[in-house]
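Dear colleague,

Here is the structure I said I would pass on to you. My notes on its aromatic pairs and helix packing follow below it.

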Amino acid sequence: MNVADVWDTIWTDATTPVVASTVAALVPLAAVIVCLAIPQAWHAVRHVVTIAHEAGHAVVATLLGRKVSGIRLHSDTSGLTTHSGSTKRLPLTLTAFAGYPAPAVLGVGAAALLGAGYAFGLLWVLLVVLLLVLVQIRNVYGFLVMVLAIGGFGWLAWSAPDPWRVGVAYGVTWLLLLGAVRAVVELHGSRRGVQGGGSDADALARTTRVPALVWVGLFWLVTVACAAGGAWLMLGDVIGG
């Protein structure tokens, strides 16, 4: 199979709509809720939320003319995006704000694709996002995480049975939407301890002189609104049908 054939296969697969059953949408939701509730499971799947979080910082920094030096992913599921450039307040504020809402915003976009029937297309989109993040990774652990994620999504998108592909597409979307909310709840809890001073909310407080708690509240409002909107996009037609 040559490159043109591979591209044609991927394009046909990505643009072919599929009709998801209620079970296909709700079983992944139940699995994600279990992962959010069990600390060990959350620690494992939280890497997905962290990747989206750091990608959000990197994308907004780039759009605002800042130079992104790299992304690091750590074994405690934290991450760091290094960037430089203008020290004006607005670019710094928008870049710092982008992290926590990013998984939720990506989740809404994924939910819109699922609502339109493009579950297979979503897997290919997510694979492209992972590849774009990979080129910015600057540490060994982060590189290993990304390679495993790309390998997994690549196999799913290309070879997995259709029910698996639909289920994973819904599962990742639920994880982005609900995991973003849980990450904000964690942020609020961590700020009560000694680690809070280095959070995005504290960075925003230093840049804008608006209290960090206000920024945490804004993160919460945005992520909850995205979760509600994403759920409606995914379940409105499925349950209604």
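Trp-158 has a relative accessibility of 41% and therefore counts as partly exposed, whereas Trp-124, with a relative accessible area of 12%, is buried. Please keep in mind that this is a predicted model. The count of aromatic pairs comes to 6, and Trp-124 and Trp-158 form one that is edge-to-face, with 6.4 Å from centre to centre and 85° between the planes. Because Trp-124 lies in helix H6 (residues 119–134) and Trp-158 in helix H7 (residues 140–159), the pair ties together parts that are 34 residues apart in sequence. Elsewhere, Phe-97, Tyr-100, Trp-215 and Phe-219 form one aromatic cluster.

Turning to the helices, the axes of H2 (residues 22–37) and H8 (residues 162–190) come within 8 Å and cross at roughly 40°, which makes H2 oblique to H8; the crossing of these two helices is right-handed. Residues that make the contact include Ala-24, Pro-28, Leu-29 and Val-32 of H2 together with Gly-167, Tyr-170, Trp-174 and Arg-182 of H8, and by class the contact of H2 with H8 has 12 nonpolar, 3 polar and 1 charged residues.

H2 also meets helix H3 (residues 39–63), where the two axes come within 5 Å and cross at roughly 110°, so that H2 and H3 are roughly perpendicular to each other. Here Cys-35, Leu-36 and Ala-37 in H2 meet Pro-39, Ala-41, Trp-42 and Val-45 in H3, a contact that has 7 nonpolar, no polar and no charged residues.

Terms used. Residues are numbered from 1 along each chain as its sequence is written. This is a predicted model: local features need pLDDT of at least 70, side-chain atom pairs count only at pLDDT 80 or more; totals for chains, interfaces and linings use all residues. Side-chain values use heavy atoms; hydrogens and water are left out. Axes are lines fitted to C-alpha atoms, for helices over the stretch in contact, and angles run from 0 to 180 degrees between N-to-C directions. Helices (H or I, at least four residues) and strands (E, at least two) are DSSP runs, numbered from the N terminus. Angles under 35 degrees count as roughly parallel, over 145 as roughly antiparallel, 65 to 115 as roughly perpendicular and the rest as oblique. A crossing is left-handed if the near helix is turned anticlockwise from the far one by less than a right angle, and right-handed if clockwise. Contact means heavy atoms within 4.5 Å. Ala, Val, Leu, Ile, Met, Phe, Trp, Tyr, Cys and Pro count as nonpolar, Asp, Glu, Lys and Arg as charged, and the others, Gly among them, as polar. Rings of Phe, Tyr and Trp (its six-membered ring) pair if their centres lie within 6.5 Å; planes under 30 degrees apart count as stacked, over 60 as edge-to-face and the rest as tilted. Buried means under 20% relative accessible area, exposed over 50%, partly exposed in between (1.4 Å probe, protein chains only).
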